[in-house]
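Q: Hi! Could you walk me through this model?

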Amino acid sequence: MSVSNRGKFERICRRKIENVIAIVFRETHCRYGNEGLDVNPEKTQYTIMSRDQNIVRNRNIKIGDLSFEEVEKFRYLKAIVTNINDTQKEIKRIINMGNACYYSVEKRLSSSLLSKNLKF
């Protein structure tokens, strides 16, 4: 695909994604807004996952008076979600947290004061 066609394809894809986000937001707002649920645009972020590193990033989507920020990564349910779907960093972070937890209690676990029945 040539560079000019690629740019045109990217703009069309981004426009379609923005339209889908706008439709989902409006549906959600219409359905649940009357029940007191509302979207906080200052806390709401989005990312477009792609293996292509050259696509244009960090654009905001404007829906009515609200603006939603595009980010490279964000935390969702204690997991880090990246725009290139990079799981290696998340796996490394979880392993480091496990190691930190283990080494913080290692001396207590190896203590001779604990019975062997408690250790296994």
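**A chat about the fold**

A: Happy to! From the N terminus on, the elements of the protein run α-β-β-β-β-β-α-α. That makes three helices and five strands. Keep in mind that this is a predicted model.

Q: Good to know. What's the average pLDDT of the protein, then?
A: The average is 76, and 81% of the residues score at least 70.

Q: And where is confidence lowest and highest?
A: Helix H3 (residues 116-119) is lowest, with a mean of 63, while H2 is highest, at 84.

Q: Let's look at H2 then. How many residues does helix H2 have, and what does it reach from its first C-alpha to its last?
A: Helix H2 covers residues 88-109, so to speak 22 residues, and it reaches 30 Å, close to the 32 Å expected at 1.5 Å a residue.

Q: Where is the kink in H2 centred?
A: On Tyr103, and the kink is about 30°.

Q: Changing topic: which residues make up the largest nonpolar core?
A: There are seven: Ala22, Phe25, Tyr46, Ile48, Ile61, Ile63 and Phe68. H1 and strand S2 (61-63) each supply at least two residues of this core. As a general point, nonpolar side chains in soluble globular proteins tend to be buried together.

Q: Nice. What is Tyr46 in contact with, leaving aside its neighbours within four places in sequence?
A: Quite a list: Arg14, Ile21, Arg59, Asn60, Ile61, Phe68, Glu69, Glu70 and Val71. Among them, Ile61 and Phe68 are also listed in the core.

Q: Ile21 is on that list. Where is Ile21 found?
A: Ile21 is in helix H1. Not counting residues up to four places away in sequence, Ile21 touches Tyr46, Ile61 and Ile63.

Q: How far apart are Ile21 and Ile63, in sequence and in space?
A: They are 42 residues apart in sequence and 9.0 Å apart in space, C-alpha to C-alpha.

Q: Why isn't Ile21 counted as buried?
A: Because its relative accessibility is 26%, Ile21 counts as partly exposed; buried would mean under 20%.

Q: What about Glu18, buried or exposed?
A: Glu18 counts as buried, because its relative accessibility is 16%. Glu18 has its place in helix H1 (residues 3-32). Leaving aside neighbours within four places in sequence, Glu18 is in contact with Arg59 and Ile61.

Q: Now the loop between H1 and strand S1 (45-46). Where does Lys43 stand, buried or exposed?
A: Lys43 sits in that loop, and Lys43 is exposed because its relative accessible area is 69%. From Lys43 to Phe68 there are 25 residues in sequence and 8.7 Å in space, C-alpha to C-alpha.

Q: And Asp38, buried or exposed?
A: Asp38 also lies in the loop between H1 and S1. With a relative accessible area of 60%, Asp38 is exposed. The C-alpha atoms of Asp38 and Thr28 are separated by 8.7 Å, with the two residues ten apart along the chain.

Q: Zooming out, what share of the protein's residues count as buried?
A: Of its 120 residues, 18% count as buried. The accessible surface of the protein comes to about 10200 Å², and 56% of that belongs to carbon and sulfur atoms.

Q: Last one: what share of contacts comes from residues 24 or more positions apart?
A: Such pairs account for 51% of the contacts in the protein with a separation of 6 or more.

Definitions and conventions: Residues numbered from 1 in each chain as written. Predicted model: local features only at pLDDT ≥ 70, side-chain atom pairs only at ≥ 80, totals over all residues. Heavy atoms only, no water. Helix = DSSP H or I, 4+ residues; strand = E, 2+ residues; numbered from the N terminus. Buried < 20%, exposed > 50% of the residue type's maximum accessible area, 1.4 Å probe, protein only. Contact = heavy atoms within 4.5 Å. Areas by Shrake-Rupley, 256 points an atom, 1.4 Å probe, with all protein chains shown as cover. Core = buried A, V, L, I, M, F, W, Y, C linked by side-chain atoms within 4.5 Å. Expected span 1.5 Å × (residues − 1). Bend = angle between axes of the 7 residues up to and from the residue. pLDDT = per-residue confidence, 0-100.
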